[in-house]
Amino acid sequence: MLTIARIAEALGARAEGDLSLSVRGAAEPGSASPDELAIAIAPDWAGDLARGRARAALLWPEADWQALGLDAAIFVPRGRLAMARLTALLDEPALPPGIHPSAVIDPGAELAEDVAIGAFTVVGAGAVIGPGTRIGPHVTIAPGVRIGAGGQIHAGVRIGRRVTIGRSVIIHPNAVIGADGFSFVTAAPSHVELARSRMAEGEIPALEDPTWHRIHSLGGVEIGDDVEIGAGSTVDAGTIRPTRIGDGTKIDNLVMVAHNVVVGRHCLLCGQSGVAGSSVLGDRVVLGGKAGVGDNLVVGDDVVITGASAIHSNVPRGRVMMGNPATRIDLHVESYKALRRLPRLLREWSAGVPKGRGAD
Amino acid sequence: MLTIARIAEALGARAEGDLSLSVRGAAEPGSASPDELAIAIAPDWAGDLARGRARAALLWPEADWQALGLDAAIFVPRGRLAMARLTALLDEPALPPGIHPSAVIDPGAELAEDVAIGAFTVVGAGAVIGPGTRIGPHVTIAPGVRIGAGGQIHAGVRIGRRVTIGRSVIIHPNAVIGADGFSFVTAAPSHVELARSRMAEGEIPALEDPTWHRIHSLGGVEIGDDVEIGAGSTVDAGTIRPTRIGDGTKIDNLVMVAHNVVVGRHCLLCGQSGVAGSSVLGDRVVLGGKAGVGDNLVVGDDVVITGASAIHSNVPRGRVMMGNPATRIDLHVESYKALRRLPRLLREWSAGVPKGRGAD
Amino acid sequence: MLTIARIAEALGARAEGDLSLSVRGAAEPGSASPDELAIAIAPDWAGDLARGRARAALLWPEADWQALGLDAAIFVPRGRLAMARLTALLDEPALPPGIHPSAVIDPGAELAEDVAIGAFTVVGAGAVIGPGTRIGPHVTIAPGVRIGAGGQIHAGVRIGRRVTIGRSVIIHPNAVIGADGFSFVTAAPSHVELARSRMAEGEIPALEDPTWHRIHSLGGVEIGDDVEIGAGSTVDAGTIRPTRIGDGTKIDNLVMVAHNVVVGRHCLLCGQSGVAGSSVLGDRVVLGGKAGVGDNLVVGDDVVITGASAIHSNVPRGRVMMGNPATRIDLHVESYKALRRLPRLLREWSAGVPKGRGAD
């Protein structure tokens with residue numbers, strides 16, 4: 001149980017009413033019980049608040065808490081930022097401390113103070129794990145892997161050879177870091193190469209020797225500080241230099257980052273997005289859900305790629321891109337609107353002179 | 001070995017010929033051996049049946065089994081429904097009974113009668129598992145998780161904190177339920193917010209403080225009865241209330257259901273589809289393979305979204321939607337056909353007055 | 001450390017300069033240290049080479065190695081093919097030999113000579129594993145699975161019942177082979193069936209009994225020789241015959257191959273691509289990243305589907321396909337260019353007679 005005073009202090013926010021009132025958690029306004037803090041950070045939520053039973057709420061700055069029937073309120077100008085602080089306050093560590101006796105830890109691994117290791121986790125020879133890092137059950141850490149301080153590596157994560165991970169990195173269940181890149185070559189030019197060079201023809205011949213020869217991945221992965229990687233996502237090893245994820249970048253679930261890719265700092269890669277081999281993303285790039293970036297491309301700083309869009313060529317800095325192939329969002333929207341008008345126009349056309357277009 | 005009489009009874013279907021004939025399994029008509037039941041539920045399969053060696057077959061209602069050279073036949077009006085019953089009859093449990101001695105089960109977990117637990121599985125304190133539920137090897141079940149009766153949790157599944165699962169739920173290998181949601185906020189308006197508000201301009205400036213602050217996920221996941229979740233799929237925890245999957249909903253492989261999403265009852269989410277944060281799907285919604293639903297949207301009951309389509313705005317009930325951005329399928333097809341005609345029309349245009357469009 | 005002479009011999013390539021010079025690895029030209037072989041297989045890299053400290057390099061055939069300031073050089077006409085050989089030479093096995101004492105191997109499993117099994121791996125009764133195959137930690141192998149010689153099965157892979165795997169197959173972490181297919185049927189025609197038959201109307205009614213009945217998967221999976229399957233990918237079991245992956249086919253990360261699918265030989269399925277149920281891909285087919293193939297389709301030999309494209313109908317052999325729905329790439333590019341011109345044309349149109357189109 002936390003008092004309203006304690007929460008307001010943690011949030012650096014103004015509070016009014018009975019600051020000694022205690023809550024055990026947070027809830028949506030309509031379903032909050034009297035011992036939960038209702039989250040009503042915009043006027044839209046006022047109605048739900050009236051229907052719920054909350055005595056205290058997190059409110060938008062101008063809210064009239066007394067008129068809303070509350071005993072106490074905390075006022076926040078940027079609600080979601082307050083939610084970040086509030087939920088951190090209310091949460092507890094997902095991974096327990098201690099080293100489970102069933103874990104198989106190579107005697108040559110170096111575990112700093114307060115490292116936690118879950119049941120059935122395997123830590124290879126020469127792995128180095130920083131202070132306070134907690135590793136869940138069923139995790140595989142290859143020989144030689146380095147993980148910084150304060151990390152959380154959840155159940156079922158696989159970390160391959162030649163991977164270095166910075167401080168305060170969170171990796172969610174079943175993510176795979178440092179698997180081999182998908183890099184193959186045929187003896188003679190392959191279908192992929194032919195398709196690119198003979199695009200205009202739209203057809204390609206059979207190949208005499210279609211055997212794919214494997215290029216091994218020797219470069220590993222380098223992950224910066226404060227990175228988060230979602231459940232089931234994969235970051236492949238580079239060929240002769242590391243695949244890189246910059247500081248502060250957050251990666252959602254089922255995202256694929258291919259070999260040799262460089263992702264900048266403070267990027268956001270949403271669910272099921274992907275970056276193909278050797279492409280480079282600048283800093284603060286946002287990939288919407290299911291967005292894709294083709295191989296060997298450069299995407300500038302501050303680019304936002306909207307959900308389900310596909311990047312087939314380089315993108316200058318600061319652009320908002322949409323579509324498949326993606327273009328500047330304003331051009332895309334314009335083309336799309338024109339396309340939606342097109343069927344009617346073609347009907348008018350085939351019916352004769354369109355309205356307002358006489359042969360004057 | 002099962003007799004034709006026994007199978008026909010289980011299927012509630014009419015059978016003719018030698019009903020005492022026994023088969024050991026089912027096969028396609030062309031490759032069936034004499035002790036396999038050939039599956040020829042539509043006239044298309046008649047030719048293959050003649051080439052195979054089956055003595056008995058599952059046939060469409062009007063089939064002339066004797067002319068097809070069979071000794072026995074079972075007639076089914078809706079072949080795939082019969083296949084559901086037949087394959088259930090021929091299958092055996094994928095997960096064995098019993099509790100493997102290597103499993104790490106917290107003494108505070110409550111296991112009902114006949115619960116099976118595979119090798120190296122971890123069950124946390126306070127977890128409650130219903131009667132007859134079978135859990136495979138290498139599974140991680142967090143403290144406090146509740147799983148109903150008659151479930152099957154396959155190898156490598158990760159079930160996080162605050163997850164409740166109903167009766168008769170099947171979760172396939174390496175799926176992740178209840179990982180943290182992907183929810184971040186910057187101190188000042190972020191690129192994502194700017195891109196939405198300044199869409200017309202198509203460009204966004206750099207951000208002074210690009211740090212992403214993490215909103216913790218306290219809400220968990222609630223999964224109804226008779227739900228199935230495919231291999232490698234992820235269902236993230238909600239922020240302050242559960243992410244919800246309704247009764248009877250089936251989810252394929254590599255699907256992502258983000259935090260706070262509500263999926264209705266009897267939905268079908270096909271492979272690699274995804275639903276972004278806080279969106280709501282009604283009952284009986286179908287997402288085709290690779291289909292995506294953006295965040296904070298509402299999709300009505302009985303909506304069908306075709307494969308590889310992307311939903312960027314709310315969808316009223318009963319619509320069939322196609323494209324990216326998706327529209328009603330008939331409008332999409334019309335626009336698409338117009339687009340395919342466009343290059344020729346533009347060529348005609350630039351060549352002079354189009355056919356049938358004289359300056360009369 | 002390897003001498004230049006030794007490397008040139010392994011590559012079957014011409015070398016010049018001090019062939020006794022030794023290197024410990026390969027690096028990009030700009031970051032290579034004096035004991036690394038710089039990889040500069042095209043003239044583009046010449047500038048970087050000058051900035052780096054390499055004494056030896058892998059070069060394009062016409063390169064003037066002495067002018068580039070090197071002591072030794074190896075010349076390769078097809079650089080990436082040389083990279084395949086070079087990286088294989090420089091790599092070492094990812095999985096160690098030996099059987100870890102913690103593994104749970106059923107006494108009824110047959111392990112050939114030199115099979116390696118990692119910590120906490122489970123091998124079921126009747127499984128047969130060929131000579132030299134190495135299996136990582138945390139792997140689940142169901143009863144009766146057959147794996148050929150010389151394979152590598154990485155950490156966290158799940159191999160289900162009725163799966164047969166050929167020789168020299170590599171499966172990357174957390175891939176799932178042989179999970180149940182996604183196959184459901186309603187008692188009366190379902191939304192999916194209605195949407196297909198009533199496409200023109202774009203709306204579908206509610207369904208009286210929306211229960212999805214499960215069709216069990218009895219057919220397993222058959223994987224040929226020299227196949228590679230990426231991290232987190234899934235290949236589902238067939239219904240009454242195996243899902244098949246042909247010899248020499250390479251599958252990237254987070255790819256989904258659904259039940260009953262047949263993938264030919266020497267195909268390349270790039271990251272996050274997917275093939276829906278019962279579709280057939282010919283030999284040497286390439287699916288670009290995020291490309292999708294709908295269900296029950298036939299894609300001919302030598303077809304290339306570009307990244308983020310979606311196939312909604314059969315494709316004849318040799319085609320290069322692009323778009324959603326995908327068409328021949330040349331037609332797609334033509335339509336797309338016309339679409340980009342359309343907004344301006346519509347503006348001209350509404351402004352009056354377009355340029356060069358007087359009523360003459």
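This is a predicted model: local features need pLDDT of at least 70, side-chain atom pairs count only at pLDDT 80 or more; totals for chains, interfaces and linings use all residues.

User: Which elements of chain C supply the side that touches chain A?

Analyst: Strand S4 (25-27), helix H3 (79-90), strand S27 (250-251), strand S30 (268-269), strand S38 (320-323) and H5 of chain C each supply at least two residues. H5(C) gives the most, with 10 residues. Helices (H or I, at least four residues) and strands (E, at least two) are DSSP runs, numbered from the N terminus. This side of chain C has 38 nonpolar, 14 polar and 19 charged residues. Ala, Val, Leu, Ile, Met, Phe, Trp, Tyr, Cys and Pro count as nonpolar, Asp, Glu, Lys and Arg as charged, and the others, Gly among them, as polar.

User: What makes the pair Arg241(A) and Glu28(C) a salt bridge?

Analyst: The rule asks for a side-chain nitrogen of Lys or Arg within 4 Å of a carboxyl oxygen of Asp or Glu. For Arg241(A) and Glu28(C) the N to O distance is 2.9 Å, so the pair qualifies. The interface of chain C and chain A has 6 salt bridges, and the count over all chains is 60.

User: How do you know that Glu36(A) and Arg24(A) form a salt bridge?

Analyst: Their closest N and O atoms are 3.5 Å apart, which is inside the limit, so this pair counts too. The pair links distant parts of the chain, 12 residues apart: Glu36(A) lies in strand S5 (residues 36-40), and Arg24(A) in the loop between strand S3 (22-23) and strand S4 (25-27) of chain A.

User: What is the area buried between chain C and chain A?

Analyst: About 6,100 Å² is buried there, and carbon and sulfur atoms give 64% of this area. Buried area is the accessible area (1.4 Å probe) that two parts lose on being put together, summed over both. The contact, meaning heavy atoms within 4.5 Å, takes 71 residues from chain C and 80 residues from chain A.

User: What is found between chain C and chain B?

Analyst: Chain C and chain B bury about 6,100 Å², 64% of it on carbon and sulfur atoms. Chain C gives 79 residues to this contact and chain B gives 71 residues. The interface holds 6 salt bridges. One pairs Arg347(B) with Glu334(C) at 2.6 Å, N to O, so the pair meets the rule.

User: What makes the pairing of H5(A) with H5(B) a left-handed crossing?

Analyst: A crossing is left-handed if the near helix is turned anticlockwise from the far one by less than a right angle, and right-handed if clockwise. H5(A) passes H5(B) in the left-handed sense. Helix H5 (residues 329-351) of chain A and its counterpart H5 (residues 329-351) of chain B pack at about 60°, with axes 8 Å apart. Axes are lines fitted to C-alpha atoms, for helices over the stretch in contact, and angles run from 0 to 180 degrees between N-to-C directions. Residues meeting there include Leu339(A), Leu346(A) and Trp349(A) on one helix, and Leu331(B), Ala338(B) and Trp349(B) on the other. The contact divides into 11 nonpolar, 1 polar and 4 charged residues.

User: What is the peptide bond from Asn324(A) to Pro325(A), cis or trans?

Analyst: The bond is cis, with omega near 0°. Pro325(A) sits in the loop between strand S38 (320-323) and strand S39 (326-328) of chain A. In chain B, a cis bond joins Asn324(B) and Pro325(B), with omega about 0°. Most residues other than glycine have a negative phi, and most peptide bonds are trans.

User: What is the phi of His266(A)?

Analyst: Phi of His266(A) is near 55°, a positive value in a residue other than glycine. His266(A) lies in the loop between strand S29 (262-263) and strand S30 (268-269) of chain A.

Notes:
Residues are numbered from 1 along each chain as its sequence is written. Chains are lettered from A and ligands numbered from 1 in the order in which they are written. Side-chain values use heavy atoms; hydrogens and water are left out.
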